[in-house]
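Open the model in your viewer and keep the selection panel at hand. The tour has two stops.

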Amino acid sequence: AYDRALHLTRVNAGLHDPNQVPVVYREANAYYAKGDIAAANDRHEYAYHVLERNFDQQEDESALIPGTFALANWYTKTYNIFMARTFFEKARVLAETHYDESHPILIEALRGIANTYRLEKFAPAEIPNIEEMVASRRRGATNISRLPPTRINNFREGEAALIEIVKIMLAQGNAEIEEVSQAKLDLADWYLLFQQNKRAQVLYEDVWLSFEDGSSSNFIARELRSPKPIYLSLPQDRKASPTATRTRATKGIVELSFTVTERGSVTNLVTERAEPSGSDFLVRKQARKARYRPAFIDGKPVATPDIRLSHTFTYYPRQSSRSTNDQPDQ
């Protein structure tokens with residue numbers, strides 16, 4: 001149906017008419033839902049290619065901004081973080097060129113840039129296979145040499161982007177206190193992730209003091225009263241093996257308890273439940289790497305014992321040749 005819609009659009013409006021782009025994005029979503037990441041990647045890149053052909057001129061290039069964010073977010077989703085960073089950088093340049101320095105689009109671009117640096121250091125438990133997804137591999141697609149240069153594994157660049165967001169929020173004057181505080185918490189979380197604990201503590205305490213008059217006790221309760229995960233990447237469900245059948249898919253569960261220290265790390269890790277037996281290994285491995293924003297009392301971080309974590313997953317038992325009992329695939 002989407003192919004038919006694209007055909008009609010091209011016949012009636014032209015091969016590169018931008019009205020086809022929403023349909024191309026729907027095609028990409030359909031391919032992604034099927035698990036065909038390479039085809040979805042091709043559709044996202046083609047959509048940007050069409051937009052670039054139509055709007056890559058100084059007088060109308062601001063119309064390219066939504067497509068630039070769409071491709072950057074797609075690359076982030078598929079862990080193609082260096083390409084994602086390149087397009088967030090391009091979005092930043094477009095925002096600075098066409099809007100004032102406090103525009104929400106600039107803030108969105110800065111957050112995207114910082115997130116790519118964060119993902120580079122704190123990767124998901126299972127990184128998608130992008131070997132078949134070579135960015136801009138089609139002849140005539142985006143000319144990467146025209147895009148802003150990207151930098152690799154740079155703590156300062158991510159920090160600078162988050163600091164700039166805080167400065168923009170403070171300079172606005174009319175920004176909501178919760179918006180400003182959230183920007184400060186994002187920066188504090190950044191410092192905590194990179195073990196800059198003193199810098200993180202200064203910002204956390206500043207946010208706490210901002211609400212001492214009781215202006216938003218809900219914000220403090222939601223963000224600082226109890227530990228909050230800022231990096232917790234649990235294993236994804238594994239695909240069925242060739243010998244497994246979908247009808248045999250079984251739900252497993254792992255329940256852990258642990259202490260979150262005042263520095264946000266995990267200690268005293270205990271397996272409370274693991275079904276099937278032995279399925280807690282990968283979950284425990286990832287839990288040890290987790291980083292939490294600690295709980296705060298009177299603006300000071302405190303250790304919190306008996307934090308509970310429950311992780312459910314799908315596995316495919318295999319039939320034992322000597323017994324009728326199902327054994328889980330390892």
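Buried means under 20% relative accessible area, exposed means over 50%, and partly exposed lies in between (1.4 Å probe, protein chains only). This is a predicted model: local features need pLDDT of at least 70, side-chain atom pairs count only at pLDDT 80 or more, and totals for chains, interfaces and linings use all residues. Residues are numbered from 1 along each chain as its sequence is written, and side-chain values use heavy atoms, with hydrogens and water left out.

**Stop one: a helix residue**

Select Thr116, in helix H6 (residues 104-121). Helices (H or I, at least four residues) and strands (E, at least two) are DSSP runs, numbered from the N terminus. Is Thr116 buried or exposed? Thr116 counts as buried because its relative accessibility is 0%.

Now show side chains. Those of Thr116 and Arg85 make a polar contact of 2.9 Å. Such a contact is a pair of N or O atoms within 3.5 Å; within protein, one must be able to donate a hydrogen and the other to accept it, and residues adjacent in sequence count only if both atoms are side-chain atoms. The Thr116 side chain also reaches the backbone oxygen of Ile113, at 2.6 Å.

**Stop two: a sheet**

Select strands E3, E2 and E7. They form an open sheet in the order E3-E2-E7, with antiparallel pairing. Two strands pair if DSSP finds at least two bridges between them. Strands E3 (266-275) and E7 (304-315) are the edges, each pairing on one side only. Zoom in on E2 (residues 250-260): seven bridges join E2 to E3. Pick Ser257; its bridge partner in E3 is Val270.
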